[in-house]
Amino acid sequence: MRVLTIEKPGLQSVLQGAPRTGFRHRGVPRSGAADAYSLALANRAVGNAPLATGIEIPGGQFSCTFRTETMICILGATANLALSSRPVRPGTTVPVKPGDRLLISGLADGMRVYVAVRGGLKARSIMGSPSTYLPARLGGIGRALQVGDDLALADDAIDEPQALPADLLIPPSTRHVLRCCDGAEFESLSPTSQHDLFERDFIVSSRLDRMGVGLEGPPLEIDSQGTMKSAPVFPGTIQCPEGGAPFILLADAQTTGGYPRVAQIIAADRFQLGQLRPGDQVRLMRVTPAAALRVLEAKAAALKSIGIPISAL
């Protein structure tokens, strides 16, 4: 069933849902929502499975017209949200009628807005995932959304719509504290750079997409001249190339890399990477693996109350 028609797709808006797992040994990235936390919460608000397919909209500037009666929830970056000129409050379940026009504009804090539709959206499943991976045209509709695209409903509603607990709604910010553990090549940093990595602020550079985010700040000194034999990397891995500017990998990152892995963002904080935007301030906070596990367990307990498994992040 056709549920909506794209009028203004914005900048590379795509369909994202469950990640593509089990194929990293073949060089296939994970993909899925860059901010999986926001998409999972929005899905649960409309009664969907947490990993149901929704729309990821980077940079705002999006509009669509609904063709059938349904419910939606919008979360992620702060933006002006209106449904047929009526303001929409993020994180709430909003009934939609045929002909209603959703307009997203004026993105403020954060980078990506997520739209969940009750029942989820149909997408082409490749390697067990409907999520879009643009470089290989996998999943979604095989490309970014375009004007005139008609999107259809899936069948991923599993519950009645529900109100989201206020303490789970995390407003985007321009200042981010990201907890991380030492990476496999942390010791290749000079003592001064080991200190700077966790005690100095970095600024998000304009080098930003679904593969990774560049950071600007004090150049880090690497004793391996910034290169090494290729080794496994994951979303959240912080690499340090020869220029000394850290680079954080995101959902569409490659599966191996040849730059020293100086740190790893902890799993519980990884969703925040999807909301980094150029000019934001980032402070990395060093934690132990044991502390990272405790944080993850606490987040898992909080999300369990609304039916989101921690594996969805």
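The model is predicted: local features need pLDDT of at least 70, side-chain atom pairs count only at pLDDT 80 or more, and totals for chains, interfaces and linings use all residues. Residues are numbered from 1 along each chain as its sequence is written, and side-chain values use heavy atoms, with hydrogens and water left out.

**Exercise 1. Salt bridges**

Solution. 
- Step 1. Side chains of opposite charge can pair when their charged atoms come close.
- Step 2. Take Arg112 and Glu56. Their side chains meet in a salt bridge at 3.7 Å, N to O. Arg112 sits in strand E10 (residues 112-117) and Glu56 in strand E3 (residues 54-58), so the pair links distant parts of the chain, 56 residues apart. Helices (H or I, at least four residues) and strands (E, at least two) are DSSP runs, numbered from the N terminus.
- Step 3. Check accessibility. Buried means under 20% relative accessible area, exposed over 50%, and partly exposed in between (1.4 Å probe, protein chains only). Glu56 counts as buried because its relative accessibility is 1%.
- Step 4. Turn to Arg283 and Asp201. Their side chains form a salt bridge at 2.7 Å, N to O. Arg283 lies in strand E20 (residues 281-286), while Asp201 lies in the loop between H2 and strand E13 (202-208), 82 residues apart. Arg283 is partly exposed at 28%. Asp201 is partly exposed at 32%.

**Exercise 2. A five-stranded sheet**

Task: Work out in which order the five strands of the open sheet run, and which are the edge strands.

Solution. 
- Step 1. Apply the pairing rule: two strands pair if DSSP finds at least two bridges between them. Strands of a sheet pair through backbone hydrogen bonds, either parallel or antiparallel.
- Step 2. Read the order. It is E2-E3-E10-E5-E8, with antiparallel pairing.
- Step 3. Pick the edges. Strand E2 (14-16) and strand E8 (94-96) each pair on one side only.
- Step 4. Zoom in on one pair. E2 and E3 are antiparallel over three bridges. Leu15 stands opposite Ile55 in E3.

**Exercise 3. Cavity and pockets**

Task: State what volume the largest cavity has, and which residues lie nearest the centre of the second largest pocket.

Solution. 
- Step 1. On a 1 Å grid over the protein atoms alone, a cavity is a set of points where a 1.4 Å probe fits but cannot get out; a pocket is an open set with protein on both sides within 12 Å along at least five of seven lines; lining residues have an atom within 4 Å of a point. Grid points are joined across faces, edges and corners, and a volume is the space filled by probe spheres set on the points.
- Step 2. Take the cavity. Its volume is about 220 Å³. Its lining has 20 residues, with Arg30, Ala33, Ala34, Ala36 and Leu313 nearest the centre.
- Step 3. Take the second largest pocket. Its volume is about 260 Å³. Of its 14 lining residues, Gln12, Arg112, Leu208, Asp209 and Arg210 lie nearest its centre.

Methods
A salt bridge is a side-chain nitrogen of Lys or Arg within 4 Å of a carboxyl oxygen of Asp or Glu.
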